[in-house]
Amino acid sequence: MTSYQAILLNNGETLPIIGMGTYSGENDRETTEKAIRTALKMGYRHFDTAKIYGSEPAVGNAIRRAISEGVVEREDIHITSKLWSSDHNDPISALHQTLQRLGMEYVDLYLVHWPVALKPWVDYPIPREEDFETLDMENTWSGMERCLEMGLCRSIGLSNFSSTKIEHLLDFACVTPAVNQVEMHPMWRQRKLRALCGDYGIHVSAYSPLGGPGNAWGTTAVVNHPIIQSIALKHNATPAQVALGWGLSQGSSVIVKSFNPRRMKENIGALDLTLDDWDLLEIEKMEERKIMRAEYLANDTTSPYKTIEELWDDEI
């Protein structure tokens with residue numbers, strides 16, 4: 001089985017249900033390209049990048065090379081990138097720059113990375129107090145819709161948006177977002193958000209579906225949890241496959257991040273696992289806690305969010 005399995009988005013486009021995340025502070029471009037080439041051979045067809053990840057050139061290079069070698073065709077590949085918070089004033093120029101770095105004519109999905117606007121020079125992930133600007137989502141979303149009209153992307157969507165923020169956006173949006181990419185895993189199940197997105201036909205895509213082990217902010221609490229471990233034992237699967245299988249069983253796509261070939265193969269193996277009702281009920285018993293809290297996006301002077309509760313609208 002391969003990750004050609006895809007879900008249908010609300011605009012008729014498709015999204016492969018397993019994607020490969022390419023954020024990598026410690027890896028160089030060559031390592032990233034090599035990992036993407038390996039992933040393509042294993043059947044990965046969705047690659048998730050962003051301006052702030054610094055991996056757009058590597059993603060573009062690896063995919064263009066695979067296309068020129070006849071390994072894949074562009075139509076078989078799904079590329080997601082994201083509008084960084086310093087580019088809210090001009091999504092069209094930002095996407096043109098992304099396409100230049102990728103060496104591509106279009107991306108399949110373009111997401112607003114955060115519901116936060118930063119000053120134009122902020123090209124680092126953790127802003128300082130003086131870096132915030134006023135957020136005008138109406139203007140930002142209008143720019144995103146224009147990117148779609150111009151054919152620079154096939155779908156537009158959101159990342160890290162709460163139910164409340166989505167409802168606010170839908171008050172003025174001409175195009176309903178196709179996707180909301182958020183943290184989601186067995187210890188952060190996003191029930192409320194998934195229900196609201198379901199009402200509007202917005203697909204929920206899960207980042208950190210294993211709880212982000214390996215990231216500075218991540219944890220191994222999900223894969224080490226006794227419930228996940230016991231389900232893995234029962235199915236002769238790995239804890240990572242169980243965590244991913246849970247996300248897939250909820251109708252979400254999952255974005256996995258590993259450049260380790262053994263783990264990459266293990267992750268895509270989750271497509272062969274079917275969890276039963278008992279497994280899903282057991283997972284519902286797990287305590288919940290949000291891991292990626294983004295405290296640095298809240299302050300009581302310059303940020304639109306005084307607290308992280310305001311950033312996440314109490315979905316935390």
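Visitor: How many of the 11 residues of helix α8 are buried?
Guide: In this predicted model, helix α8 spans residues 239-249 and is mostly covered. The buried residues are A240, Q241, V242, A243, L244, G245, W246, G247 and L248.

Visitor: What covers the buried residues of α8?
Guide: The buried residues of α8, among them W246 and L248, are covered by parts of the chain that include both helices and a strand. The strand is β12 (253-256). The helices among the covering elements are α6 (191-200), α7 (226-235), α9 (261-268) and α10 (277-284).

Visitor: How many disulfides does a search of the whole structure find, and how far from C153 is the nearest cysteine sulfur?
Guide: The search of the whole structure finds 0 disulfides.

Visitor: Is C197 buried or exposed, and how far away is its nearest cysteine sulfur?
Guide: C197 is likewise in no disulfide, and its nearest cysteine sulfur belongs to C153. C197 has a relative accessibility of 0%, so it counts as buried. The sulfur of C153 lies at a distance of 19 Å.

Visitor: Which residues line the largest cavity?
Guide: A search of the whole structure finds 1 cavity of 30 Å³ or more, and about 50 Å³ of space lies in the largest cavity. By class, its lining has 5 nonpolar, 3 polar and 2 charged residues. The lining residues are N160, F161, S162, V182, W188, Q190, L193, K290, W312 and E315.

Visitor: Where is E315 found, and which residues is E315 in contact with, leaving aside its neighbours within four places in sequence?
Guide: E315, one of the residues that line the largest cavity, is found in the segment after α11. With a relative accessibility of 12%, E315 falls under the 20% cut-off and therefore counts as buried. Leaving aside neighbours within four places in sequence, its contacts are S162, S163, T164, W188, Q190, K192, L193 and K290.

Visitor: What is the angle between the ring planes of Y23 and Y53?
Guide: The count of aromatic pairs comes to 2, and in one of them the rings of Y23 and Y53 have their centres 5.1 Å apart. Y23 lies in the loop between β3 (18-21) and α1 (29-42), and Y53 in the loop between β4 (46-48) and α2 (56-68), so the pair ties together parts 30 residues apart in sequence. Y23 counts as partly exposed at 38% relative accessibility, whereas Y53 is buried at 18%. The pair is edge-to-face because the angle between the planes is 70°.

Visitor: How far apart in sequence are the parts that the pair of W114 and W312 ties together?
Guide: The rings of W114 and W312 have their centres 5.8 Å apart and their planes at 65°, so this pair is edge-to-face. W114 is buried at 7% relative accessibility, and W312 is buried at 6%. Because W114 lies in the loop between β6 (107-112) and β7 (117-118) and W312 in the segment after α11 (308-311), the parts tied together are apart in sequence by 198 residues.

Visitor: Which element gives the most residues to the lining of the largest pocket?
Guide: About 1,200 Å³ of space lies in the largest pocket, and of its 42 lining residues the closest to the centre are Y23, S208, N215, W217 and K257. The elements that give two or more residues to the lining are α8, β12 and α9. With 4 residues, the element that gives the most is α9.

Visitor: How do the residues of the lining of the largest pocket divide by class?
Guide: The lining of the largest pocket is made up of 42 residues. They divide into 22 nonpolar, 14 polar and 6 charged.

Terms used: Residues are numbered from 1 along each chain as its sequence is written. This is a predicted model: local features need pLDDT of at least 70, side-chain atom pairs count only at pLDDT 80 or more; totals for chains, interfaces and linings use all residues. Side-chain values use heavy atoms; hydrogens and water are left out. Buried means under 20% relative accessible area, exposed over 50%, partly exposed in between (1.4 Å probe, protein chains only). Contact means heavy atoms within 4.5 Å. A disulfide is a pair of cysteine sulfur atoms within 2.5 Å. On a 1 Å grid over the protein atoms alone, a cavity is a set of points where a 1.4 Å probe fits but cannot get out, and a pocket is an open set with protein on both sides within 12 Å along at least five of seven lines; lining residues have an atom within 4 Å of a point. Grid points are joined across faces, edges and corners, and a volume is the space filled by probe spheres set on the points. Ala, Val, Leu, Ile, Met, Phe, Trp, Tyr, Cys and Pro count as nonpolar, Asp, Glu, Lys and Arg as charged, and the others, Gly among them, as polar. Rings of Phe, Tyr and Trp (its six-membered ring) pair if their centres lie within 6.5 Å; planes under 30 degrees apart count as stacked, over 60 as edge-to-face and the rest as tilted.
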